[in-house]
Amino acid sequence: MSDENYNKCRSCRFCIHANEKWVCHFTGENNGPDGSCAKYRPGHCETCNFYSIEDGKEMCNMNSRETFGLDVCSMYDPGYSG
């Protein structure tokens, strides 16, 4: 089951929340917490529980391979809580 916040500003690490504003780091747009942005990439590695940085390398611990934080993975599950 997916997280109800998936693909919303409140779940994007590039959305800066201050007071009542949810500002996109890329576009500068002020969105609401349930808004979304064209720059938001659901499923990218940096938001996944299997992503880690080890010895300066970005790693996917699901397949033990080096990855790039903004890659999108078909195995990504926003509802997974590890």
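Leaving aside neighbours within four places in sequence, tryptophan 22 is in contact with Cys9, Arg10, Cys15, Ile16, His17, Glu29, Asn30, Asn31, Gly32 and Pro33; contact here means heavy atoms within 4.5 Å. The model is a predicted one, in which local features need pLDDT of at least 70 and side-chain atom pairs count only at pLDDT 80 or more, while totals for chains, interfaces and linings use all residues. Residues are numbered from 1 along each chain as its sequence is written, and side-chain values use heavy atoms, with hydrogens and water left out.

Tryptophan 22 also belongs to the largest nonpolar core, which has 5 residues in all: Cys9, Cys12, Phe14, Cys15 and Trp22. A nonpolar core is a set of buried Ala, Val, Leu, Ile, Met, Phe, Trp, Tyr and Cys residues joined through side-chain atoms within 4.5 Å. Buried means under 20% relative accessible area, exposed means over 50%, and partly exposed lies in between (1.4 Å probe, protein chains only). In soluble globular proteins, nonpolar side chains tend to be buried together.

The secondary structure of the protein chain comes to 0 helices and 6 strands, and the pattern along the sequence is β-β-β-β-β-β. Helices (H or I, at least four residues) and strands (E, at least two) are DSSP runs, numbered from the N terminus. Of the 82 residues of the chain, 24% count as buried. The accessible surface of the chain comes to about 5800 Å², and 46% of this surface belongs to carbon and sulfur atoms. Accessible areas come from the Shrake-Rupley method with a 1.4 Å probe, and for residues only the protein chains shown count as cover. Among contacts between residues at least 6 apart in sequence, 45% join residues at least 24 apart.

Two strands pair if DSSP finds at least two bridges between them. Strand 1 (residues 15-18) and strand 2 (residues 21-24) are antiparallel and pair over 4 bridges. Within this pairing, isoleucine 16 has valine 23 in strand 2 as its bridge partner, and histidine 17 stands opposite tryptophan 22 in strand 2. The two strands form a hairpin with 2 residues between them, and asparagine 19 in the turn has a positive phi of about 55°.

Asparagine 31 is found in strand 3. Asparagine 31 counts as buried because its relative accessible area is 16%. With neighbours within four places in sequence left aside, asparagine 31 is in contact with Cys9, Trp22, Cys24 and Ser36. Cys9 and Trp22 are both among the residues of the largest nonpolar core.

A further open sheet of 3 strands has the order 4-5-6, again with antiparallel pairing. Strand 4 and strand 6 are the edge strands, each pairing on one side only. Strand 5 (residues 57-60) and strand 6 run antiparallel and are joined by 2 bridges. In strand 6, glutamate 66 is the bridge partner of methionine 59.

Serine 52 is found in strand 4 (residues 51-54). Serine 52 has a relative accessible area of 17% and is therefore buried. Not counting residues up to four places away in sequence, serine 52 touches Lys57, Glu58, Met59 and Asn61. With asparagine 61 there is a polar contact between the two side chains (3.0 Å). A polar contact is a pair of N or O atoms within 3.5 Å; within protein, one must be able to donate a hydrogen and the other to accept it, and residues adjacent in sequence count only if both atoms are side-chain atoms.

Aspartate 55 lies in the loop between strand 4 and strand 5, and its phi is near 50°, a positive value in a residue other than glycine. At 82% relative accessibility, aspartate 55 counts as exposed. Serine 64 lies in the loop between strand 5 and strand 6, with a positive phi near 55°. Serine 64 is exposed, with a relative accessible area of 59%.

Aspartate 71 is found in the segment after strand 6 (65-66). Its relative accessibility is 35%, so aspartate 71 counts as partly exposed. The C-alpha atoms of aspartate 71 and histidine 44 are separated by 5.3 Å, although the two residues are 27 residues apart along the chain.
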